[in-house]
Structure formats: structure tokens, C-alpha cells
Protein chains: 2
Amino acid sequence: MSEIHPVVLCGGSGTRLWPRSRKTMPKPFLPLVGEETLFQATLGRAADPALFASPTVVTGAAHLSHVEAQLGGEASIIVEPEAKNTAAAIALAAARLPEDAVMLVCPSDHYIADVPAFHEAIRAAAALAREDYMVAFGITPTAPETGFGYIRRGEQIEGGYKIAQFVEKPDLERAMQFLASGEYSWNGGIFAFRAGAFMTELATHRPAIADAVSRSVEKGKSEGARFHPDAASFAKVQSESVDYAVMEETGRAAMVPVAMGWSDIGNWHALRDAREGDAEGNRAHGPVELVDCRNVLADSDGPRISAIGLENVAIVVDGDEVLVTSMEGAQKVGKLTGAASQ
Amino acid sequence: MSEIHPVVLCGGSGTRLWPRSRKTMPKPFLPLVGEETLFQATLGRAADPALFASPTVVTGAAHLSHVEAQLGGEASIIVEPEAKNTAAAIALAAARLPEDAVMLVCPSDHYIADVPAFHEAIRAAAALAREDYMVAFGITPTAPETGFGYIRRGEQIEGGYKIAQFVEKPDLERAMQFLASGEYSWNGGIFAFRAGAFMTELATHRPAIADAVSRSVEKGKSEGARFHPDAASFAKVQSESVDYAVMEETGRAAMVPVAMGWSDIGNWHALRDAREGDAEGNRAHGPVELVDCRNVLADSDGPRISAIGLENVAIVVDGDEVLVTSMEGAQKVGKLTGAASQ
């Protein structure tokens, strides 16, 4: 079995994890769960040389210094001239890899508790990718989440299923139906493709994106481990997600179901759940005293947090910002003046 | 009608209002409600020269600089060599005043919304004090508070009532009975006495305290507006509250009922209630953004507070301390490590 090529997409800003995640030090580069940063943990999950080739990291100039500081090993870095969503980011990597390379596409800012389960799913996804399936990892849902897209499974195939349908973020009622039916998985943004097959599908369904990306790679320049696609060519790329541009268009969409303790760490609620709690369900980090508190996340980078009588609340102190939010309110953090105006 | 002599007791530490109230800058000297500090407002309520003589402030060396900085007018300052509770503090002032002076004894860290009602009660209390009654102000209760002592009224007399009974802090069930009965008032620690009558009662019921205080005053030294009682004599004074030492012992205890929007600002819950709220009942002070919050107090001396989805919570940022407490938990603030270890 040939190696699998990790492709790590390092874009998102993580404004819902403000004030810890800031424009200048965003979510992927913070040690939000455990000692490693989310980016380091993403690389670490795809570092076994028996299974993986060295990774390709697709990022922007703003994040480049963080990427290089945290890489810790050999990697190719593709520096996007501007952010053009996931179809273009994946295409940049696909165009730079050998046609027969199997790519494992991963966001850089997710958390996975059960790495062996992830590796098992990777093997199944890689086998399907070698047969030119466009493979999504379908995360087995554990709650009626309304913040994720869903994938409905179709016909069973060796190692997985064909995809019957992609579903946009549902309302709570539909999310509960999805959970009850057992036919739906979360779309976690993790994919496997054969590089040549991905470019062929993209050229079929989004020829303009495929052309512009190919041209920006042809005219691009290497600088050590960095590769700079041609900015003028890349500027013409249409910004579109891989879900829309390829997954919903192709006749060869497949999915591999996996239950692996996955979280997108999408807000302070999700982060609380990903961290291990004490007997009262509290997660304290930094100088913190909690009295009569349950399921409270308290996280300070300096000042002491003292809290009494709270439940399901997150308290985050970062520099000159103090955030206190209910778990229900955590979705709104990105719209706070402090988060939006940085 | 002769003047009334305000006697302001400036002792308490206010640890339940930590972290805003600190050992080095305690509660009376902070502008907790409105622009003035509680101490300044206390003086201001007894400043009308038509009614009041210049005040006597009884305080300790630790608070002296705050007292003198905030006085803003003529006053006698008695500097206690050490804290010996309210019986001794009041006796120091009584021993320094003319025998026929009517004293209005006030804590320095309470809040009174309705000053005209207070003045009306003062006139009634002063008239009773001139007849050598030991007069307590009985605050008409507005809730079944378990944090205050209660006074049960007895026989009606001109301008007030004799006191039938002093009751220690009750449990909730008894507090509800007290509230329902209409016979009970809160003991707010505000009193009126004729100075000579107070010393006579003290000499009758606590001769040792009266002797030691009298000796410390005889041997004391004036220094401008300051008076320093003799430390060696004062060291022998037994530490006891005026309630125990005089009010519960005397045969001439009287009370004047008064409803005046009083609060002891005893904790963040009480402070929230004393401050005026916006349409959602929130009280914001400093750089604060509140989203989906109700009845939240948010108070920062610098860093921005951003809060979402909270109800009946106090958030206080002071220097390197961040306090977040439910209103129910506010009573426990003084026992936090940060408050107890300063």
C-alpha cells in the first residue's frame, strides 16, 4: 500500500473562540485541548511514516510564521496569495502532488479523541480514493447539532457507502430526525481523494477553478519548503467550498463512517466538552477558584478568576478582555464588538 | 431645637465586595452607588447646618488617610488605637461630646435612597434621645432577609415605639414570619443617643468598658482635628457591639420605624439592587457589552467585559482579579481565597 499524503488546510480565524483566539494568534495555533496546539495535533495524527508521507500545509501569508514555528518536521507549504475557500485550497495541493498520490484533507483546527479509530477510517477512505471515489469522512453524530452539515448514506460499497445526499445545517427538529434515523453523519470537512481524480472532477464540474488553479501553480515559485502560487492567476479563482464544487456534483461521492470523538471546537461550548472535566464537570485553566460551580469552563492567561454558584458558563480572560457566556450563548461570541472589531 | 451631632463609624472592611473593596481601599471610600463614595454620602446626609453640628468620625489609623482625603469639611476625627467594636467606638464619641449633645450614630458604608424620610426619622429619634431613650432606627423590611438582625416593636410612645425584643439573624422561615407580621424591623446599626445618657447606660451595664474608654479619653491627645485616645487604656476595652452592651440591656430601648430605601450594600447582590438598572435590569459600569443578559451587574476598572446569555450574575474586574458570582453566591465572596488572603 502506497503512502497517504496529508493535506492540512490552515485557514479559519476562529472568532467564536475570541478572546483567546485572536486575529494575530488564531485558533489552530493555540493549545486549546492538551499541551499541543490544534495544528500540531493535526500533524501528529498523520505523522506515522508507515502510513503517511510528509504533509502539505495550505495556508495564507498571515498564518505562515505560526505554521513554520509549529511544523516541527519536513513539510511542503503552499502559501495562498488570498483565501479562496476549500475547493481552490485542495486543488492547489492536488496540482502539486503526483497524480496517483492519495490525499487526506484535514482542517487544522479540529480535535479527535480516538486516533486509532481515525486511522482505521483513513485506511478505508484511502482504498476508496484509489478507486477514484471522492471520499468524505462521515462523523457519527452524538447530538442533534444544528451547526453542521449532514451526509445521508446510500448504497453500501466495500469499506463505506455511496453518498445519497448532502444536507445543509438543519433546524433542531430535522437534526433530531437525522439522529434518530441512523442514516446521517456529520460532514466534518475531512476528505480523501486521489490527486489526479480530484483534478479531473474539478475540471469537469468547475473548469474555471481548475484552470485558474493549474495556471497559478504552473507560474508559481518555490522558495525552500514554501511554494507561492502566482497571485494574478489565483485572483481569478472563484471562492467555493469543496462540498459545492465537487462533492455535490460528482457521481462518485462516497463516505466512510467513523466515530472518533471528533469536535470542530467551534465555540467555547464545544471546547468545554472536548476538555476533560473534574468531578463537578468544571474545566479550570490558569489561576482559578471555583465554588459551588458545575460544568464551568474557566480559562485565564494571567488574572485570577474567582467564581461562585455558576453552571454551564464559560469565563475566559485574555489580556484586556473578559468574556463570560452561557453555553447557549457561545455561538454568538463571534458577533461581540470585541471579536468583530479586532 | 439644638443641633444633632453626627457620629460616623468608619471601620468595616467590606470583604464581601472584594475585589473592588480591598484592604487598602475598603468599601466606605469607594463610589459604589453614584459619584460620591459611601462615606461622602453618609456625611452629606448629615450636613444640613440647620439640623446638624459638624460630624465626629471614629476610625482607625489604617483608614485615616482616606477619611481625611474625603472629609471635605470641618470634623472631629477620633483615631482608635485598635478596633474594639461599636460599643467602644460610640463611647469614645460620647465621652468627647457635651453631655447634652444628641448623637446620630451612622455606619459609614450604607446607602439611603430617600434622604427626606431619613431626616424625618432623625427628628423623631432625636426627640426620643432627648428623653434619654436609647433609640434604634428600625428599617421597614422589604424582603425576608436572613442577613440582618431584627427589632420587634413594643408599646407605642410619642414618635416611635419601645423595643420589645432584639432578634439575631433568623432563618428564612422565621424571616418570612417577621415580614408577614408587620411587627419587625431590620436593625440597620443607626442610633440616636444623648451623649450623657449613653455613658450612664454603658456605666450601668458595662462599667469596665465605660471606665476604660473614659480613661483613654482623659489621657488622650489632640493633634489638630485628630484626637488620639490613650492606647494603653483603650487596649483594656472589651470588644462588644452596642446592641449587646447597651441596647439589649437598657430599660429605655426605643425604635423609630423608617422606610427610606436603605441598603447596607452588604454584598454584590445588594449593590446590584441599590444601583439603577436599564430596561433589562442590567447595571453596567466601565467598558461593558451585554448580549441577552438580564439583571446582570458588570463592573470593570479597565479590561472590557463581554457577556452573553446571563441572568442574575455579577461580574467584577479589578486589577488582576476577576470575580463572577451568582446573586445567591454573593454572600460567599468574602471567603474566596482572593478576598481572605489580601
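In which helix of chain B is Asn85(B) found? I began my notes with this residue, working throughout from a predicted model, and I located Asn85(B) in helix H3, which covers residues 85-96 of chain B.

**Entry on backbone angles.** I looked up phi for Asn85(B) and noted a value near 70 degrees, which is positive although the residue is not glycine. I flagged it because most residues other than glycine have a negative phi. I then checked the accessibility of Asn85(B), and its relative accessible area of 36% puts it in the partly exposed class, because that class lies between the limits of 20% and 50%.

I went on to Ile265(A), where phi is near 45 degrees, again a positive value in a residue other than glycine. I placed Ile265(A) in chain A, in the loop that runs between strand E13 (262-263) and helix H10 (268-274). Is Ile265(A) buried or exposed? I recorded a relative accessibility of 0% for Ile265(A), so it counts as buried.

**Entry on peptide bonds.** In chain A I noted one that joins Trp18(A) and Pro19(A), with omega about 5 degrees, and I found Pro19(A) in the loop between strand E1 (4-10) and helix H1 (38-44) of that chain. In chain B I noted a cis bond joining Trp18(B) to Pro19(B), with omega likewise about 5 degrees, and Pro19(B) sits in the loop between strand E1 (4-10) and helix H1 (38-44) of chain B.

**Entry on a helix pair.** How do the axes of helix H6 and helix H7 of chain B cross? I read that the axes of H6(B), residues 195-205, and H7(B), residues 207-218, come within 5 Å and cross at roughly 125 degrees. I listed the residues in contact: Met199(B), Leu202(B), Ala203(B), Thr204(B) and His205(B) on H6(B) meet Pro207(B), Ile209(B), Ala210(B) and Ser214(B) on H7(B). By class, I sorted the residues of this contact into 6 nonpolar and 3 polar, with no charged residue.

**Entry on the two chains.** I finally looked at how chain B relates to chain A, and a rotation of 180 degrees with 0.1 Å of shift along its axis superposes chain B on chain A, at an RMSD of 0.1 Å. I wrote this down as the relation of a two-fold axis. The same surface serves both copies, in that 100% of the contact residues of chain B recur in chain A.

Methods. Residues numbered from 1 in each chain as written. Chains lettered and ligands numbered in written order. Predicted model: local features only at pLDDT ≥ 70, side-chain atom pairs only at ≥ 80, totals over all residues. Heavy atoms only, no water. Least-squares fit on C-alpha atoms with pLDDT ≥ 70 in both. Contact = heavy atoms within 4.5 Å. Helix = DSSP H or I, 4+ residues; strand = E, 2+ residues; numbered from the N terminus. Buried < 20%, exposed > 50% of the residue type's maximum accessible area, 1.4 Å probe, protein only. Axes fitted to C-alpha atoms, helices over the stretch in contact; angles between N-to-C directions. Nonpolar A, V, L, I, M, F, W, Y, C, P; charged D, E, K, R; others polar.
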